[in-house]
Amino acid sequence: MSWFWLYLPLHLLMATCLCQSIKAPTTSSQESFKTNLFNFYHSLILADGKETTIHLLKDIPKRYYFALEEGRVLAPFSITVTPCDVPIEWSILVYKSPPGKATPGDHDTQEVSKSQKASSIVSTIFNYKGNSVETYMGMSSHSALYLLEFLSTERDTHITVYLTTDTTSGHLYPELPADPRIDVIGIGHTTVTLTWKHSPSVLQHRESIQYCLLVNEKHNYKSLCAAETAIRSSGMKLPPTLALSLSPYLLEPQQVMILSNSELSIINKVSSGEVRQVCMGTKNTYTVPSLSPSTQYYFDVFIVNLLTNASAAYTGTFARTLEEPEPKVTEMKDGKVIHVVLDGKKQKFYSLQYQAKHKKILFTFQLCRGQIRVHITRNGKTVASENLSGLRYFSLKGKLLDTYLVQLRSTEEFNSSVKVQASPHYHKPLFPLLPESLKIKSFSKLRTCRSVTVAWLGTQEESKYCVYRKRIEEDQIWRELQSADRCSGPESRHKSEKVLCKYFYDLNLQRAVTTETIKGLEAGTLYLFDVYLFGPSGIPVRYHSKVVKTRKKC
């Protein structure tokens, strides 16, 4: 029997399925032969020039085959297999037609089966076991049938397979540089700086190629496919292909943080730690921010084709961030005011220590700018912890020589500041007696084109009040209100902004209210009004600023 005639119908059938322009025989016996051949192999045709996702069940092999079009004696081809989870086994087998045998067309299925199992014409040309991305390149003969067999022995999994016989018009996968390693060029307490060599694909297809970085605390991943599978198995909601197409609408709202026009960062919390995916366009140097001190992280860089979602992985690396230095502790003295400025981005805590010389201690905090959380411990045990607002007192009772530790932390990314004082209870108070509210009220009915009437609460203690005004524009309102330093006094204001100063008090708190009509204003104009309260110590307390617009027409 001629093996050439045995495989010819199969070649014709495969060529038809692969959209080849070959005319297959149409007799019923040959159609039956092709059907039996399909059933014998339990296999599928592998598409040429397209990435195919294959699902594997544990211990059950899966087979795919391909053949080239008729008329080509030798042709190059390549096969790339990407495991997406556990290691797999895969092989390439070739069935070649033995020369010098000829038997015409029709044979039953048993004879076909016996003939095709002949060991003399079957050979394994490639075999691999592992979870790395592997590519086989070879030359194919038109009289040979290639069979790919895949097996997973650990658990159910999936893989991707890419077959191409067109090796001249580019590649589906982006090209890696000759040295695909990731270099660590800088390590800090909370940052790691990485760099890698450019992919040749970036130079050729800059608009459709970009780099994406994956950061995690477990291990490196050999492919983007494997990274996706591992993250999903952690119970994390993850959009297709890590949303590498930079389409934020595909993501859960709480997952996305846009860092700039060309950079997308997705941060997810999982049981095993934090996983981040960052795409940074074609930049090949990146500093990973906001890491935890003294923690080992694994870094993987993928070069991604945005048009096809195909990717190639650089050789992953790892690095351990530096240990966090012991926070500097500032000693506090009785009655001395300490002005603390906190950098929300760099400085996590500011620590103050006070050793009590009396049983009763009063801590005073005046929030100047931003948002700050205070945590106070006495001999290692927490006695107070809360977010500061305006002026805050903590009256604590303990023993002589108790050690108090005050820790301050900014809860914003912007700079925050606060004034702190520790003193015995009998010590002269730092701040004046404050009214129930520090709000300034304006009266709409008393507002004219040239004047505004404002009011504020006073106290039972005679104090000095100074009023200031400042002309502002509409687009300055938010900035003026947000950036105001509530600890700064009139010395920071221009002399022309001062309206008046007066003394005021009332023993009856119900009547401790004062008003002031501010004249000489311009019609239809916005003004920012401030009131400063001065106590016996001379340290001012600033009321909440008030913005009022004069009438345009009167």
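This is a predicted model: local features need pLDDT of at least 70, side-chain atom pairs count only at pLDDT 80 or more; totals for chains, interfaces and linings use all residues.
Student: Which residues touch the most other members in the largest nonpolar core?
Tutor: Phe 363, Phe 365, Ile 376 and Leu 408, out of the 24 residues in that core. A nonpolar core here is a set of buried Ala, Val, Leu, Ile, Met, Phe, Trp, Tyr and Cys residues joined through side-chain atoms within 4.5 Å, and buried means under 20% relative accessible area with a 1.4 Å probe, protein chains only.
Student: And which strand gives the most to this core?
Tutor: E23, with four residues. Strands are DSSP runs of E, at least two residues, and helices are runs of H or I, at least four, numbered from the N terminus.
Student: What's the overall secondary structure of the protein?
Tutor: Six helices and 36 strands. Buried residues make up 45% of the 554 residues.
Student: Switching topic: where does Ala 455 lie?
Tutor: In strand E30, residues 452–457. Ala 455 is buried, at 7% relative accessible area.
Student: What does Ala 455 touch?
Tutor: Leaving aside residues up to four places away in sequence, its contacts (heavy atoms within 4.5 Å) include Lys 439, Phe 443 and Val 513.
Student: How far apart are Ala 455 and Phe 443?
Tutor: They're twelve residues apart in sequence and 8.3 Å apart in space, C-alpha to C-alpha.

Methods
Residues are numbered from 1 along each chain as its sequence is written. Side-chain values use heavy atoms; hydrogens and water are left out. Buried means under 20% relative accessible area, exposed over 50%, partly exposed in between (1.4 Å probe, protein chains only).
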